[in-house]
Amino acid sequence: MDFSGGHRSSHLWEMARQAKNRYLLAAIAFTILSFSVYLCWAVILPFDAAPDEGMRYQIPQFIYHYGTLPHGGDPLIRNAAWGISYGFTPILSYMIGALFMRITGIFTTDAAALLLSARLVSVLCNTGTVIICFLIAGRLFKGLYRWLFVCFVAFLPQFMFIGAYVNNDSLAIFSTAMIVYAWIRNLSSRWAWPDCVLLAVGVSLCALSYYNAYGFILCSILLYLGDRYQAYRALHCAANSLPAREFWRETGRRAGLMVGIVLLLAGWWFIRNAIIYQGDILGMRTSDYYGELYGVGGCKPSLSNSAYHMHWSLWRLLITEHWLQNSYKSFIGCFGYMNIWLDKRIYLFFTILWSLAITGLLSLALSHKDRRPFISVSRQGLFTGIMLLALPIPFALSLYYTFFCNLQPQGRYLLPMVIPMMVFITRGAQQLIDRLFPKRWIQTTIQLAICSVAFAVVVYCYIGILLPKYVY
C-alpha cells in the first residue's frame with residue numbers, strides 16, 4: 001500500500017504545529033517587551049505629570065488608607081478649584097490600584113512605590129490589550145499582517161502614555177478590545193455560552209471604566225439583536241431548524257445570561273450611586289451640583305469655558321480654535337498636560353500611513369475584482385457595520401463634552417475607537433500592499449519596515465522626549 005499521502009499530511013501538520021508554536025513564542029516575547037516598555041514609562045513619569053493624575057490618585061489613596069469607597073463629594077478628595085472629584089465616575093481601576101497599594105504596603109510605605117503600584121493597573125491593562133490584540137489578529141488576519149495590527153495598537157504613542165499613569169482610560173480600551181474579540185467569537189460560534197459570558201464580562205468592565213467607551217455597550221446590544229434577527233429570517237430557509245418559539249426562547253436565555261452577568265459584575269456601582277446620590281445612577285447630576293456649590297469662579301459648571309458658554313459656532317470650535325487638529329494630534333500622541341507635543345515628522349508618518357491605508361480600504365470597497373471578505377467570520381456585513389458604528393461614537397461624545405461642558409480637545413477621549421480603527425487600517429494596508437506589490441518578499445519587507453518605524457517612534461518618545469524632560 002502507498003502511505004506517501006499519509007506521510008505528506010503528517011509532515012504538513014507537523015510544519016503547521018511548529019509554525020503555530022513559533023508564533024506563540026514570538027507573541028509572548030512581544031507581550032513581555034510591551035509590558036517592559038509600559039513599565040519603564042510608568043517608572044520615569046513624575047507624579048501628576050499627566051492629565052489630572054493628582055486628582056485621580058486621591059481615589060486609590062483614600063481606599064488604601066480608609067478601606068472604603070469614597071463619596072464623590074467627600075472633602076478629602078474634592079478638588080479645591082473644581083469642587084468635585086473622580087469619585088463620581090466609575091472607580092474600578094482605582095479600586096484595583098488600591099489593592100496593589102495594600103500589597104505593596106506590606107513591604108514598604110515609600111510614596112514612589114505606592115504610586116507605581118497604582119500605576120501598575122494601567123500598565124497591566126495596556127499589556128492585556130496587547131494580548132487580546134493578538135487574539136483578534138489571529139481571527140482576522142494572516143501572516144505578518146497580524147503583527148502589523150498589533151503594532152498599530154501597541155506602539156501608538158498616546159496609547160503607551162495612558163499606560164504610564166493612574167487613569168481609567170487604559171481599562172476602557174482593554175474592555176473595548178475584549179468586547180470586539182467577543183463579537184468575533186460570538187459571530188463565529190453562533191453565541192455559544194462561553195462566548196456570551198466573555199462578552200458580558202467585557203461589557204461589565206466597560207461599564208465600570210469610562211463613559212466615553214459606552215458606545216461599545218450599545219453596539220453589543222445592536223449586534224446581538226441584529227444577528228438574532230438574521231438567524232430568525234434564516235429559519236424559513238433552513239430544513240430541520242428550530243421552531244420559532246424555541247428559537248426565541250433560546251435567544252432570550254442567552255440574553256438573560258449576559259444581562260445577569262452584567263448586573264452582577266457592574267450593577268452594584270450604579271445601585272450604590274442611586275442610593276447615595278438620590279437616584280443619580282451615573283453621578284453626573286450630583287457632580288455638577290457639587291461643582292456649582294464648591295467650584296471657584298470659572299470652574300463652576302455653569303461658567304465653564306465650553307464652546308456653548310462662550311457662544312462659539314461649531315465651525316469656530318472645530319476649525320478656527322483647532323479642536324479637530326489638536327484632538328487628532330493628541331490621539332497620536334501628546335504628553336504631560338497637553339503641553340508636550342511630538343516631533344512633526346511623527347505626526348506626518350502616521351498621517352501618511354493612515355491615509356494610504358484608507359485609500360486601500362476605498363479601493364477594496366470600489367473594486368469589482370477583489371471580492372475577498374473584509375474579515376473571516378460569518379455575518380460579515382453585520383460585523384463590519386457595527387465596527388463602523390463604533391468609530392464615531394467616542395468622537396461624538398468628546399465633541400459633545402467640549403461643546404457643552406468643558407473645552408477639552410484631548411485625543412485620549414477618542415482612544416476607545418482605537419481597536420476598530422486599527423482593524424480597518426490594517427485591512428486597508430493589506431489591500432494596498434497586496435495589490436501594488438505582488439511579490440511576497442516585497443510585501444514582507446514593507447510590513448517589517450512599518451513595524452520597525454512604529455517601534456522606533458516609541459524609542460524616540462522615551463529617549464528623546466520623556467528622559468530629557470523628566471530625568472536628565
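Modeller: Of the 130 residues in the largest nonpolar core, those touching the most other members are Trp41, Phe149, Trp183 and Trp354. This is a predicted model, in which local features need pLDDT of at least 70 and side-chain atom pairs pLDDT 80 or more, while totals for chains, interfaces and linings use all residues. Residues are numbered from 1 along each chain as its sequence is written, and side-chain values use heavy atoms, leaving out hydrogens and water.

Colleague: What makes a set of residues a nonpolar core?

Modeller: Its members are buried Ala, Val, Leu, Ile, Met, Phe, Trp, Tyr and Cys residues joined through side-chain atoms within 4.5 Å. A second, separate core of seven residues includes Trp312, Leu317, Leu318 and Leu399.

Colleague: Why are helix 9 and helix 10 called roughly antiparallel?

Modeller: Helix 9 (residues 215-235) and helix 10 (residues 244-276) pack at an angle of about 165 degrees, with their axes 11 Å apart. Angles over 145 degrees count as roughly antiparallel, under 35 as roughly parallel, 65 to 115 as roughly perpendicular and the rest as oblique; the two helices are therefore roughly antiparallel. Contact (heavy atoms within 4.5 Å) involves, among others, Tyr224 and Arg228 of helix 9 and Phe247 and Trp248 of helix 10.

Colleague: Why does Ser306 count as buried?

Modeller: Buried means under 20% relative accessible area, exposed over 50% and partly exposed in between, with a 1.4 Å probe and protein chains only. Ser306 has 0% relative accessibility and therefore counts as buried. Ser306 lies in the loop between helix 11 (284-294) and helix 12 (314-320).

Methods. Axes are lines fitted to C-alpha atoms, for helices over the stretch in contact, and angles run from 0 to 180 degrees between N-to-C directions. Helices (H or I, at least four residues) and strands (E, at least two) are DSSP runs, numbered from the N terminus.
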